[in-house]
Amino acid sequence: MKFTIHQKDPNTSARTGILKTDHGWIDTPTFMPVGTVGTVKTMAPHELEDIDSQVILGNAYHLYLRPGIKIINEAGGLQKFSSWERPIITDSGGFQVFSLAKLNKVTDDGVEFQSHLDGSRHMFSPEFSMEIQRNLGADIIMAFDECPPGDANDKRIKEAVVRTSEWMKRCNVWLIDNPELYNYKQTVFPVIQGSVNHKLRKLSAEELMPFSTCGMAIGGLAVGEEKNAMFDTVEFCDTVLPKDQPRYLMGVGKPSDLVQAVRRGVDMFDCVIPTRNGRNGHVFTFEGVINIKNEKYKKDFSSIDPNSSHTWGCTFSKSYLRHLFNINEVLGLRIASTLNLSFYLDLMDIIRQKISDGNFDNWSKSLLSDMRIMKGM
């Protein structure tokens, strides 16, 4: 895998680039739709291609539980199993075993937990997380890390930093001893921890950089900490992470969060917000968020979003979409989710263009000012 920076903004840390993988290239900054269990909810692969999604994300924890890595291996990897021919990134399952599963025990060996599905007992170690992701066959895989909650004290955060570093070493040994299963390369991203403690973030980055060949992830944010502290930490990470490698801010976020983070040097994002909020009837537009269940849209026959790059923005009216949600018709979920993902990808495309044009700084400040008065942005 190779990352090339094309353009740098003169007044911020924003930059454009291209990340080349064996399944295609990814223009950065990029937003990666979340396909937790091997699918982006309600959307077929060709529909994701139609909105120019260049990469999607899968989840090691969920895919390990269902359908299991043996089935995906027999299919030839996640790309073939899901009929998605473009790049895939998988997370390590670490966040899920800490936040979703019923935890039993966290030790230096790994995490013992009970499945959120049936209560069955499982053990994730750094080595097993790598084995799962080898079998999934994603182009980019994430190192197994410990993600403490946002309200953890410094002692607990430091323990997670130290353990994450030790686990990275074990991930690296396993990957060296166990080459790729399919006919393409996988690249591992170390995940730095440290919450909003800059000293610990620096320590984590320094200890993990020797294992980074083409990308590092910022983990442990958007887990309950104050928003300004999160952005201060992202800005600090810009000073300690390699400038010539892509930076991936995990699990973030709202449209305004993406703009703020791009200003601070982040290249890659994933978040469930566009699809999850879409399924709840919230449609993102550059005029603000439409809560389609609102009574005022009952007789609103205007287009949902005439500025959307997707044809459905003009094809369907707000009244019709509201009707679909009222009768629990799955087409309503598909329309809202598709328009939201289109909005996110359109936003990233505009960001890249503004950086290339040299006016990203002023444009982003103006957009963020507008978004501050738009509820939900």
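Mentor: A residue is called buried when its relative accessible area is under 20%. In this predicted model, 57% of the 377 residues of the chain count as buried.

Trainee: What makes the radius of gyration of the chain agree with that of a compact globule?

Mentor: With 377 residues, a compact globule would have a radius of gyration near 21 Å, and the chain has 20 Å, so the two agree. The C-alpha atoms fill a box of roughly 60 × 45 × 40 Å along the principal axes. Within it, the secondary structure comes to 15 helices and 17 strands.

Trainee: How many of the contacts between residues at least 6 apart in sequence join residues at least 24 apart?

Mentor: The share is 66%.

Trainee: What is the reach of helix H9, residues 227-240?

Mentor: H9 has 14 residues and reaches 20 Å from its first C-alpha to its last, close to the 20 Å expected. Its buried residues include Met230, Phe231, Phe236 and Cys237. Helix H8 (198-208), strand S13 (216-218) and helix H10 (255-263) are among the elements that cover the buried residues of H9.

Trainee: What makes Glu226 a cap of H9?

Mentor: A side-chain oxygen of Glu226 lies 2.9 Å from the backbone nitrogen of Asn228, at the N-terminal end of H9. A polar contact requires N or O atoms within 3.5 Å, and the distance here is 2.9 Å.

Trainee: Why is Ser204 called buried?

Mentor: Ser204 has 0% relative accessibility, so it counts as buried. This residue lies in helix H8. Leaving aside residues up to four places away in sequence, Ser204 touches Val161, Ile192 and Gln193.

Trainee: Which residues touch the most other members of the largest nonpolar core?

Mentor: They are Phe31, Leu249, Phe269 and Ile351, in a core of 75 residues. The largest share of this core, eight residues, comes from helix H14 (residues 330-357). Phe31 touches residues that include Leu258, Phe269, Cys271 and Met348, with those up to four places away in sequence not counted. A second, separate core has 16 residues, among them Phe3, Leu57, Met142 and Tyr248.

Trainee: How many disulfides does a search of the whole structure find?

Mentor: The search finds zero disulfides. For Cys237, the nearest cysteine sulfur is that of Cys147, 13 Å away. A disulfide requires sulfur atoms within 2.5 Å. Cys237 is also buried, because its relative accessibility is 0%.

Trainee: Why is Val252 called buried?

Mentor: Val252 has a relative accessible area of 2%, so it is buried. It is found in the loop between S14 and H10. Among the residues that Val252 touches are Ala222, Met230, Phe269 and Cys271, not counting residues up to four places away in sequence.

Trainee: What kind of peptide bond joins Val252 and Gly253?

Mentor: The bond is cis, with omega about -5°. Gly253 is found in the loop between S14 and H10. A cis peptide bond also joins Arg66 and Pro67, where omega is about 5°. Pro67 lies in the loop between helix H2 (60-65) and helix H3 (69-75). Most peptide bonds are trans.

Trainee: Why is Ala222 called partly exposed?

Mentor: The class lies between the 20% and 50% limits, and Ala222 has 41% relative accessibility, so it counts as partly exposed. Ala222 lies in the loop between S13 and H9, and its phi is positive, about 60°, although it is not a glycine.

Trainee: What is the phi of Asp52?

Mentor: Phi of Asp52 is near 65°, a positive value in a residue other than glycine. Asp52 lies in the loop between helix H1 (45-50) and strand S5 (56-59). At 44% relative accessibility, Asp52 therefore counts as partly exposed.

Definitions and conventions:
Residues are numbered from 1 along each chain as its sequence is written. This is a predicted model: local features need pLDDT of at least 70, side-chain atom pairs count only at pLDDT 80 or more; totals for chains, interfaces and linings use all residues. Side-chain values use heavy atoms; hydrogens and water are left out. Helices (H or I, at least four residues) and strands (E, at least two) are DSSP runs, numbered from the N terminus. The expected span of a helix is 1.5 Å times one less than its number of residues. Buried means under 20% relative accessible area, exposed over 50%, partly exposed in between (1.4 Å probe, protein chains only). Contact means heavy atoms within 4.5 Å. A polar contact is a pair of N or O atoms within 3.5 Å; within protein, one must be able to donate a hydrogen and the other to accept it, and residues adjacent in sequence count only if both atoms are side-chain atoms. A nonpolar core is a set of buried Ala, Val, Leu, Ile, Met, Phe, Trp, Tyr and Cys residues joined through side-chain atoms within 4.5 Å. The radius of gyration is taken over C-alpha atoms; the globule rule is 2.2 Å times the number of residues to the power 0.38.
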